[in-house]
Amino acid sequence: MEDLLQAAAEAARFILPVLGAVVLVYCGVALLRHKFPSPEYAALIDQKTGEVFELSFWEVSLGRSSTCDIVVQADMTVSRFHAVIARRKKGWTLIDTYSKTGTFVNGRRIDKKTILENGDTLTFGSVSYRFQL
C-alpha cells in the first residue's frame with residue numbers, strides 16, 4: 001500500500017508542473033490571438049460653461065454624489081446617481097439609473113440603453129452636455 005502511495009506522489013510531482021505549463025501556454029496563445037480594439041476616446045462638454053469631462057474609463061457615473069466620476073454640483077434637478085455612460089462593443093451607451101427627472105438624448109427621454117453618436121446632446125435634469133468622440 002505504501003508503494004502505491006509513493007508511486008502516486010511521484011506521478012503527482014511530474015503531472016502537476018506539466019499541467020501548469022499547459023495551462024500557461026493555452027492562456028498565452030489565447031491572449032496573443034485576441035485583438036483588442038483600439039479605445040475610442042470620448043468627452044462630455046458642458047453646454048453652459050464649456051468645461052470638458054474626458055470619459056477615460058470604460059464606465060463613467062454621473063450625478064450629484066461625490067462618489068460619481070462626473071459630479072454635477074449645485075443642481076437639485078440631477079439625482080445623486082443619475083446615469084452611467086459605458087463603452088461597449090457597439091460604441092458608447094447611456095443608461096439612466098432610474099433618475100427622478102429623467103435622462104434625455106437630443107430632447108428624447110430614454111428608458112433603456114441608448115447608443116450615443118458624436119454630437120448628441122445629453123440632458124440630465126436641467127444640465128446639458130454635448131457628447132464628443
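These are my notebook entries on a predicted model.

**Entry: salt bridges**

I searched the whole structure for salt bridges and found two. I took E10 and R13 to begin with. Their closest N and O atoms are 3.6 Å apart. Both residues lie in helix α1, three residues apart, which is about one turn of the helix. I then looked up how open each one is. E10 counts as partly exposed because its relative accessibility is 45%. R13 is exposed, at 60%.

Next I turned to R88 and E59. Here the closest N and O atoms are 2.8 Å apart. This pair links distant parts of the chain: R88 sits in strand β5 and E59 in strand β3, 29 residues apart. R88 is partly exposed at 34% relative accessibility. E59 is partly exposed too, with 44%. I noted a general point: side chains of opposite charge can pair when their charged atoms come close.

**Entry: the five-stranded sheet**

In what order do the strands of the open sheet stand? I read β4-β3-β5-β6-β9, with mixed pairing. β4 and β9 stand at the edges with a single partner strand each, so one side of each has no neighbour in the sheet. I checked the β9 end. β6 (residues 91-96) and β9 run antiparallel and are joined by two bridges. L94 stands opposite T114 in β9.

**Entry: the β1 and β2 hairpin**

Strands β1 (residues 42-46) and β2 also run antiparallel, with four bridges between them. A43 stands opposite E54 in β2. Five residues lie between the two strands, and G50 takes a positive phi near 80 degrees in this hairpin.

Which residues of β2 are covered, and which are uncovered? I found F53 and L55 on the covered face of β2 (residues 52-55). V52 and E54 are on the uncovered one. In a regular strand the side chains alternate between the two faces of the sheet.

**Entry: S79**

I located S79 in the loop between β4 (70-71) and β5 (83-88). Is S79 buried or exposed? S79 counts as buried because its relative accessibility is 14%, and the cut-off for buried is under 20%. Its side chain reaches the backbone nitrogen of K100 at 3.4 Å. I left aside neighbours within four places in sequence and listed the contacts of S79: G63, R64, S99 and K100.

**Entry: a nonpolar patch**

Last, I looked at the surface. F14, I15, L16, V18, L19, V22 and V23 form a nonpolar patch there. Together they have about 690 Å² of accessible area. I placed one of them, L19, in helix α1 (residues 2-33).

Notes
Residues are numbered from 1 along each chain as its sequence is written. This is a predicted model: local features need pLDDT of at least 70, side-chain atom pairs count only at pLDDT 80 or more; totals for chains, interfaces and linings use all residues. Side-chain values use heavy atoms; hydrogens and water are left out. Buried means under 20% relative accessible area, exposed over 50%, partly exposed in between (1.4 Å probe, protein chains only). A polar contact is a pair of N or O atoms within 3.5 Å; within protein, one must be able to donate a hydrogen and the other to accept it, and residues adjacent in sequence count only if both atoms are side-chain atoms. Contact means heavy atoms within 4.5 Å. Patches are made of residues with over 30% relative accessible area and no salt bridge: like charges are joined within 9 Å, nonpolar side chains (Val, Leu, Ile, Met, Phe, Trp, Tyr) within 5 Å. Accessible areas come from the Shrake-Rupley method with a 1.4 Å probe; for residues, only the protein chains shown count as cover. A salt bridge is a side-chain nitrogen of Lys or Arg within 4 Å of a carboxyl oxygen of Asp or Glu. Two strands pair if DSSP finds at least two bridges between them.
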